[in-house]
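Here is a short tour of one protein model, written to be read with the structure open beside you.

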Amino acid sequence: MREVVATRYVTPLREGGSLPGIVEADDLGTYVMKFTGAGQGRKTLVAEVVCGELGRRLGLRVPELVTMQLDPVIGLAEPDQEVQELLKASGGLNLGMDYLPGSLGFDPLAYQVDPAEAGKIVWFDALINNVDRSWRNPNMLVWHGDLWLIDHGATMIWHHNWPGAQASAAKPYNASDHVLAPFGPDIEAAAAELAPLVTEELLTEVAAEVPDEWLAGEPGFATTDLLRRAYVEPLLARAGSIHERISIGEPTKTQPSRAPGWLAERLAPRPNPADEDRAARADTGRNGEGSGR
Ligand SMILES: Nc1ncnc2c1ncn2[C@@H]1O[C@H](COP(=O)(O)OP(=O)(O)OP(=O)(O)O)[C@@H](O)[C@H]1O
Ligand SMILES: [Mg+2]
């Protein structure tokens, strides 16, 4: 990955659970920046790199990822307290994703995906245990007529519990809620094409892209290279046969998310400050004398 230096904090992206921001860099590029100081911590960034770089090497469209040096001083003029805190906590190396200007969030009612492409994406998400490409939160953009994959922070759930990683990585993948499930994904064809590409060499190359400072100090791993190796093994083991364990049933439209706590928080819609303002004003209107604030 290239490394750039953040030069200007432009604006927060309110729809993102981790409060990513749009940031300009010294290469004159504009990036969506994900911060090391965000609540979910650096493992989210590790997952973005491993899976984003893997996806691109498998021929899926993933915007370029870069590492971004951040001097929190660039956020000093930022009026939002939450953003100030985040920037202060994120000095050093952060993650940037090339910003796709004018892209639209994927809408399954407005955009057709053919079974071959849907199959590749569902198979890839099964490989990386992505629970965050559902109809609730598609995490795909449409740009110049093509589908682009973003947000691989909630993947490889097993890297939150290394002792159980191999066993967890053997588990099936339920794609019933996947946003591409209704498009008849051709999973057999995707597996035949993509699984042979997921070699030890490729996974080692992808793991090598993760900066040392996001890996250092992981309990149970004496060196960052041992930790990198720990990412390679479950993915390699999973690639060969995961297609046999992908199930697509009825979407659980009315059920609450069964994601673990930290993830459920990511999946929950963020309250929109503009809506709260509107609600407060409406309330003021009804009471006639304001809320006292
Ligand atoms: N490369 C990009 N180009 C344009 N817009 C983007 C890009 N990446 C993200 N966005 C926009 O920012 C939003 C939040 O990004 P992302 O999903 O990566 O953040 P997140 O904090 O992990 O979000 P969440 O957990 O809520 O899904 C996206 O839904 C999309 O609208
Ligand atoms: Mg997202």
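## The nonpolar core

Keep in mind that this is a predicted model. Its largest nonpolar core has 62 residues. Those with the most contacts inside this core are Val46, Val50, Met68, Val122, Trp123, Ala126 and Leu127. If you select Val46 and leave aside its neighbours within four places in sequence, you will find it in contact with Val210, Trp214 and Leu215.

## H1 against H6

Helix H1 (residues 42–57) packs on helix H6 (residues 200–208) with the axes 9 Å apart and an angle of about 135 degrees between them. That angle makes H1 oblique to H6, and their crossing is right-handed. On the H1 side, Val50, Glu53, Leu54 and Arg57 take part, meeting Leu202, Val206 and Ala207 of H6.

## One face of H5

Which residues of helix H5 (residues 187–194) are buried? They are Ile187, Ala190 and Ala191. Seen down the axis of H5, the buried residues fall within an arc of 100 degrees, so they line one face of the helix. Their cover includes helix H3 (115–127) and strand E10 (246–247).

## Two loop residues with positive phi

Leu19 has a phi near 55 degrees, a positive value in a residue other than glycine. Look for Leu19 in the loop between strand E1 (2–12) and strand E2 (21–25). Leu19 counts as buried because it has 20 C-beta neighbours inside 10 Å.

Asn129, also not a glycine, has a positive phi near 50 degrees. Asn129 sits in the loop between H3 and strand E7 (140–143), and is buried, with 23 other C-beta atoms within 10 Å.

Key: Residues are numbered from 1 along each chain as its sequence is written. Chains are lettered from A and ligands numbered from 1 in the order in which they are written. This is a predicted model: local features need pLDDT of at least 70, side-chain atom pairs count only at pLDDT 80 or more; totals for chains, interfaces and linings use all residues. A residue is buried if 20 or more other C-beta atoms lie within 10 Å of its own, exposed if 12 or fewer, and partly exposed in between; C-beta atoms are placed from the backbone. Helices (H or I, at least four residues) and strands (E, at least two) are DSSP runs, numbered from the N terminus. The arc is that of the directions from the helix axis to the C-beta atoms. Two residues are in contact if their C-beta atoms, placed from the backbone, lie within 7 Å. A nonpolar core is a set of buried Ala, Val, Leu, Ile, Met, Phe, Trp, Tyr and Cys residues joined through C-beta atoms within 7 Å. Axes are lines fitted to C-alpha atoms, for helices over the stretch in contact, and angles run from 0 to 180 degrees between N-to-C directions. Angles under 35 degrees count as roughly parallel, over 145 as roughly antiparallel, 65 to 115 as roughly perpendicular and the rest as oblique. A crossing is left-handed if the near helix is turned anticlockwise from the far one by less than a right angle, and right-handed if clockwise.
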